[in-house]
Amino acid sequence: MPRPSPLRAWWAQRSPAAGAAVMATGIVSVGLHLTGYEVLSRIALAVACAAWLGLAADFVVRLLRQRERWVAEAATPGALTAVAATTVLGTRFSALDWQPLAEALLALAAVLCPVLLVAVVRHWRRRMPGAVFLGCVATQGLAVLGATLAAAEGAAWLARAAMVLFWLGLVLYCVALACFDLRQVAEGAGDHWVAGGALAISALAGSKIVAADSAALYLWNDDNDGVLRFMTAVVLVLDLAWYAVLLVAEFVRPRLRYDVRRWATVFPLGMTAAATLSVSSALDVPWLDGLGEVLLWIAVAAWLAVAAGMITATRAAATSAAAPQDVRSTAPR
């Protein structure tokens, strides 16, 4: 029986958390689009799509051929990156006016989310890593894409559904915060940043819902609109506070070694930038544009650093996997 290639062997050991790479790349594409760097945005989108297709194919293969492994992985927080990554790509496609594709991705995410979320929440416990916040991220991802499509297509029911998901996501955030091990701020391998990233996508969801309202739709009255605007601003401020705390912790205790969970660092960096830019537009706070663009380029730099680390780690793993075969081929007979 032929020996599997080193790259295939490495891919087979991929964890569900690898979906964070698609989330990170997709939201960087969204941020670049919001700031007018369309060529770079589309390059990032192409990379994200290629990675999403690979992970989606692997998801289906494991479901059909490795059912026990699929069920076990579906109960881990990292499985929810599949939902979040799908909604981020859908949001970017909607910005390109590819609404049918965005709708298809929303439908797919809406089917996956309840199944995975129930499986994951059942295993929540005390002192969990930052991945515990992915329940909030997945729910708010649906809210973001739903509100984006509601604005594009004038669908009031989608906007109202997004509003429900927005509040549900905040509830899930509070529950996750109670389970989060705060020591991860100083010790985490990268996914501790999702503590802030979940608030960032919540702020983005709030801004998208605000932007979806119009005189033609009249989704809610002025009081409800005021509450939504206030909560969106509060959530963004809390996200920026988390950003500052986590950044200081990185300088105090650097963790420079590559880990796949570092993609879960890039995602909050990019999401905070996108949320800041979107809130600036939705709430009419122009000075946030400059801050959002600065945060975006920090996210781009982090993406490049983590991508370089991933390539180096992959090459090392492939070389290591090939080494025993090389040794056998040169051993004396």
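This is a predicted model: local features need pLDDT of at least 70, side-chain atom pairs count only at pLDDT 80 or more; totals for chains, interfaces and linings use all residues.
Biologist: OK. How many salt bridges does the structure hold?

Modeller: There are nine salt bridges. One of them joins the side chains of Arg 183 and Asp 181, at 3.0 Å from N to O.

Biologist: Is Asp 181 buried or exposed?

Modeller: Asp 181 counts as buried, at 10% relative accessibility. Buried means under 20% relative accessible area, exposed means over 50%, and partly exposed is in between, using a 1.4 Å probe and protein chains only. Arg 183 is partly exposed, with a relative accessible area of 44%.

Biologist: What does Arg 92 meet in a salt bridge?

Modeller: The partner of Arg 92 is Glu 38, with 2.8 Å from N to O. This pair links distant parts of the chain, since Arg 92 is in helix α5 and Glu 38 in helix α3 (residues 38-65), 54 residues apart. Helices (H or I, at least four residues) and strands (E, at least two) are DSSP runs, numbered from the N terminus. Arg 92 is buried at a relative accessible area of 1%, and Glu 38 is partly exposed at 25%.

Biologist: Which residues are linked in a network of salt bridges?

Modeller: The network is made of Asp 58, Arg 62, Arg 69 and Glu 73. Within that group, Glu 73 forms a salt bridge with Arg 62, and their closest N and O atoms are 2.9 Å apart. The two sit in distant parts of the chain, Glu 73 in helix α4 (residues 67-74) and Arg 62 in helix α3, eleven residues apart. Both Glu 73 and Arg 62 are buried.

Biologist: Now the rings. How many aromatic pairs does the structure hold?

Modeller: It holds nine aromatic pairs. In one, the ring centres of Phe 180 and Trp 242 are 6.4 Å apart with planes at 70°, so the pair is edge-to-face. Phe 180 is in the loop between α8 (156-179) and α9 (184-187), while Trp 242 is in helix α11 (residues 222-252), so the pair links parts of the chain 62 residues apart. The rule is that rings of Phe, Tyr and Trp (its six-membered ring) pair if their centres lie within 6.5 Å; planes under 30 degrees apart count as stacked, over 60 as edge-to-face and the rest as tilted. Phe 180 and Trp 242 are buried, and together with Phe 133 and Tyr 173 they form one aromatic cluster.

Biologist: Last thing. What phi does Asp 97 have?

Modeller: Asp 97 has a positive phi of about 70° although it is not a glycine. Most residues other than glycine have a negative phi. Asp 97 is in the loop between α5 (81-95) and α6 (99-121), and is exposed at 57% relative accessible area.

Definitions and conventions
Residues are numbered from 1 along each chain as its sequence is written. Side-chain values use heavy atoms; hydrogens and water are left out. A salt bridge is a side-chain nitrogen of Lys or Arg within 4 Å of a carboxyl oxygen of Asp or Glu.
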